[in-house]
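Let's take a walk through a protein model together. Have a look at the sequence and the structure, and then we'll go through some of the details.

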Amino acid sequence: MHEMSVAQNLMATISAEAAKQKSKPIKAKISCGILNVINDELLAEAFSAISKGTSCESIRLEIEHKPMRGLCKKCGREFEVDFSKGRCTCCDSADFELLEDAPLILEEIEFETG
Ligand SMILES: [Zn+2]
């Protein structure tokens with residue numbers, strides 16, 4: 001299961017950071033591209049399974065899926081690709097190239113304060 005290995009990586013990063021901050025992590029924000037298919041529910045499940053009994057147990061995961069971006073060959077602009085339309089949002093040209101999908105990133109960890 002893809003989500004399980006992602007959860008394990010996240011967990012390793014978060015607990016290392018928690019040890020450094022000497023604080024309890026409460027929330028983690030993740031972002032990924034739409035081709036990097038992550039099922040939010042499966043990831044949350046996998047994460048809660050492996051974090052049980054650790055300092056990461058009560059973390060809430062927030063996952064943001066970033067849209068695919070394209071570069072228009074006609075007007076040269078970058079835009080968010082809507083695959084149902086498949087056209088540049090600026091000049092309506094269908095002549096564009098897809099830019100690289102956003103990687104999976106751990107954007108932010110929130111720690112308990114006080
Ligand atoms: Zn265009």
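What spacing do the donors of the zinc ion follow along the chain? They go C-x2-C-x12-C-x2-C.

## Before we dig in

This is a predicted model, so local features need pLDDT of at least 70 and side-chain atom pairs count only at pLDDT 80 or more, while totals for chains, interfaces and linings use all residues. Residues are numbered from 1 along each chain as its sequence is written, and side-chain values use heavy atoms, with hydrogens and water left out.

## The zinc site

The zinc ion is held by the SG atoms of Cys 72, Cys 75, Cys 88 and Cys 91, at 2.3 Å. Cys 72 sits in strand 3 (residues 69-72) and Cys 91 in the loop between strand 4 and strand 5, so this pair ties together parts that are 19 residues apart in sequence. Donors here are N, O and S atoms within 2.8 Å of the metal (3.2 Å for Na, K and Ca); water is not among the atoms, so sites may look incomplete. Strands are DSSP runs of E with at least two residues, helices are runs of H or I with at least four, and both are numbered from the N terminus.

What about the geometry? The angles among the four donor atoms run from 105 to 114 degrees, and the site is tetrahedral (four donors count as that if all angles lie between 85 and 135 degrees). For comparison, the ideal angle for four tetrahedral donors is 109.5 degrees.

## Cysteines and a serine

Is Cys 72 buried or exposed? Cys 72 is buried, with a relative accessible area of 3%, whereas Cys 91 is partly exposed at 27%. (Buried means under 20% relative accessible area, exposed over 50%, and partly exposed in between, using a 1.4 Å probe and protein chains only.) The C-alpha atoms of Cys 91 and Cys 72 are 8.6 Å apart. Leaving aside neighbours within four places in sequence, Cys 91 is in contact (heavy atoms within 4.5 Å) with Cys 72, Lys 74 and Cys 75.

Ser 93 is found in the loop between strand 4 and strand 5 too, and Ser 93 is buried at 9%. Not counting residues up to four places away in sequence, Ser 93 touches Cys 72, Lys 74, Arg 87 and Cys 88. The side chain of Ser 93 also reaches the backbone nitrogen of Asp 95 at 3.0 Å.

## Helix 2 and its two sides

Helix 2 covers residues 40-51, and at 1.5 Å a residue its twelve residues should span 16 Å (the expected span is 1.5 Å times one less than the number of residues). The end C-alpha atoms are 16 Å apart, which agrees.

Which residues of helix 2 are buried? They are Leu 43, Ala 46, Phe 47 and Ser 51. These cover an arc of only 120 degrees around the axis, which puts them on the same side of helix 2 (the arc is that of the directions from the helix axis to the C-beta atoms). An α-helix has 3.6 residues a turn, so residues three or four places apart point the same way. The cover over the buried residues includes helix 1 (2-21), strand 1 (25-33) and strand 2 (60-66). On the other side of helix 2, Glu 41 and Glu 45 are exposed.

Just after helix 2, Gly 53 takes a positive phi of about 80 degrees.

Note on methods:
Tetrahedral: all angles 85-135°; square planar, octahedral: opposite > 155°, others 65-115°. Polar contact = N/O pair within 3.5 Å; in protein donor to acceptor, adjacent residues only side chain to side chain.
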